[in-house]
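Me: I have a model on my screen and would like to know what stands behind the words used for it. Could you take me through them?

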Amino acid sequence: MDDDHAENGHCGGGEGRGCNGPAPKRARPSPRRSPGRRSRRSSRTTTRSSRAPPVARGGARGDRRGGGGEVSLVDNATTAAAIVLQHVAWSFTEGAFRKGDAVVMLHYAYGAVKKSIQAYVARAGAEVIEVPLPFPVSSDADIVREFRGALDRGKAGGRRVRLAVIDHITSMPSVVIPVKELTRICREEGVDQVFVDAAHAIGNVPVDVEDIGADFYTSNLHKWFFCPPPSPSCTRARAPIPPTCTTPSSPMSTGTACPWRAAGSGQGTTAPSSWSPK
């Protein structure tokens with residue numbers, strides 16, 4: 001493939017205008033032109049630099065080389081959730097968490113994330129507790145009241161709440177959740193870790209992940225950040241995740257010890273060529 005041609009594929013569902021037909025050359029990621037010129041080393045370099053703009057937009061810490069620091073790129077927010085949930089499931093399996101300890105999620109949680117919670121942590125022995133939110137939600141106070149009630153149920157009988165999964169903006173119905181306040185409540189109530197599913201947040205509402213203070217915060221870039229598909233998820237992780245936690249499409253054969261980085265190792269349609277700035 002010469003420099004005058006570029007691949008223009010990987011569009012499912014017509015998420016962006018022009019994705020089903022020829023797009024302007026400037027809108028196409030150059031690593032898809034002349035793919036033989038791209039090495040794994042150059043791919044990793046450009047992917048690292050691609051993490052910098054979302055860092056600046058979301059308020060996370062970068063690294064000394066101008067890259068993403070705490071921010072990594074993975075396939076999508078559901079992949080990020082799967083990595084975190086695997087870590088929690090292993091903690092139950094290996095005895096670090098007690099069987100019957102709780103994982104709390106919103107009733108409005110995204111369907112794929114809810115299924116992942118059942119597949120990973122419920123099977124491993126966690127008690128899954130849903131926060132029943134009213135519809136329509138009239139105030140943040142309604143959300144806070146129901147969330148506190150769910151935490152109380154999770155702690156009943158001397159149990160611990162090991163993980164809280166909180167949406168920043170729920171997918172359906174669309175509700176902006178007071179994630180900073182709920183994260184603060186989790187800290188006060190001794191919740192081990194907080195995962196914020198912010199797939200619809202970045203580019204849609206102001207985001208400062210340092211101020212929110214969650215252990216994990218993930219947001220898709222192909223939604224309201226208006227990056228072309230298949231753009232990745234921008235995930236910020238403060239808590240350590242063992243390298244054994246990854247996804248079926250993200251083998252650890254890349255030589256990296258970080259599952260967040262390995263998730264973007266170039267598997268099929270998730271090749272990081274579309275994540276590179278040049």
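Reply: Gladly, and let's begin with contact, which means heavy atoms within 4.5 Å. In this chain, residues 24 or more positions apart account for 63% of the contacts with a separation of 6 or more. Please keep in mind that this is a predicted model, where local features need pLDDT of at least 70, side-chain atom pairs count only at pLDDT 80 or more, and totals for chains, interfaces and linings use all residues. Residues are numbered from 1 along each chain as its sequence is written, and side-chain values use heavy atoms, with hydrogens and water left out.

Me: How many helices and strands does the chain have, and what makes a stretch count as one?

Reply: The chain has eight helices and seven strands. Both are DSSP runs numbered from the N terminus: helices are H or I with at least four residues, strands are E with at least two.

Me: Why is A126 called buried?

Reply: Buried means under 20% relative accessible area, exposed means over 50%, and partly exposed lies in between (1.4 Å probe, protein chains only). A126 has a relative accessible area of 9%, so A126 is buried. This residue sits in the loop between α4 and β3. Leaving aside neighbours within four places in sequence, A126 is in contact with F92, D101, V103 and V121.

Me: And why does F97 get the label buried?

Reply: F97 comes out at a relative accessible area of 14%, and therefore F97 is buried. You'll find F97 in the loop between α3 and β2. Not counting residues up to four places away in sequence, F97 touches V88, S91, F92, R162 and D192. From F97 to A126 is 29 residues in sequence, with 8.7 Å between their C-alpha atoms.

Me: What makes strand β2 mostly covered?

Reply: Five of the five residues of β2 (residues 102-106) are buried. On one side these are A102, V104 and L106, and on the other V103 and M105, which leaves both faces covered.

Me: How do you know that β2 pairs with β3, and in which sense?

Reply: Two strands pair if DSSP finds at least two bridges between them. β2 and β3 (residues 127-131) have five bridges, in the parallel sense. As examples, A102 has E127 as its bridge partner, and L106 has V131.

Me: Which other strand pairs with β2 in the parallel sense, over four bridges?

Reply: That is β4 (residues 161-167), where V165 stands opposite M105.

Me: How do you know that the length of α4 agrees with a helix of its 14 residues?

Reply: The expected span is 1.5 Å times one less than the number of residues. For the 14 residues of α4 that gives 20 Å, and the end C-alpha atoms are 20 Å apart, so the two agree.

Me: What makes you say that α4 bends, and where?

Reply: The bend at a residue is the angle between axes fitted to the seven residues ending there and the seven starting there. At Q118 in α4 this angle is about 30°. Just after α4, G125 takes a positive phi of about 120°.

Me: Which residues of α4 are buried, and what covers them?

Reply: The buried ones are V113, K114, S116, I117, V121 and A124. Their cover includes α3 (77-93), β2, β3, β4 and β5 (193-197).
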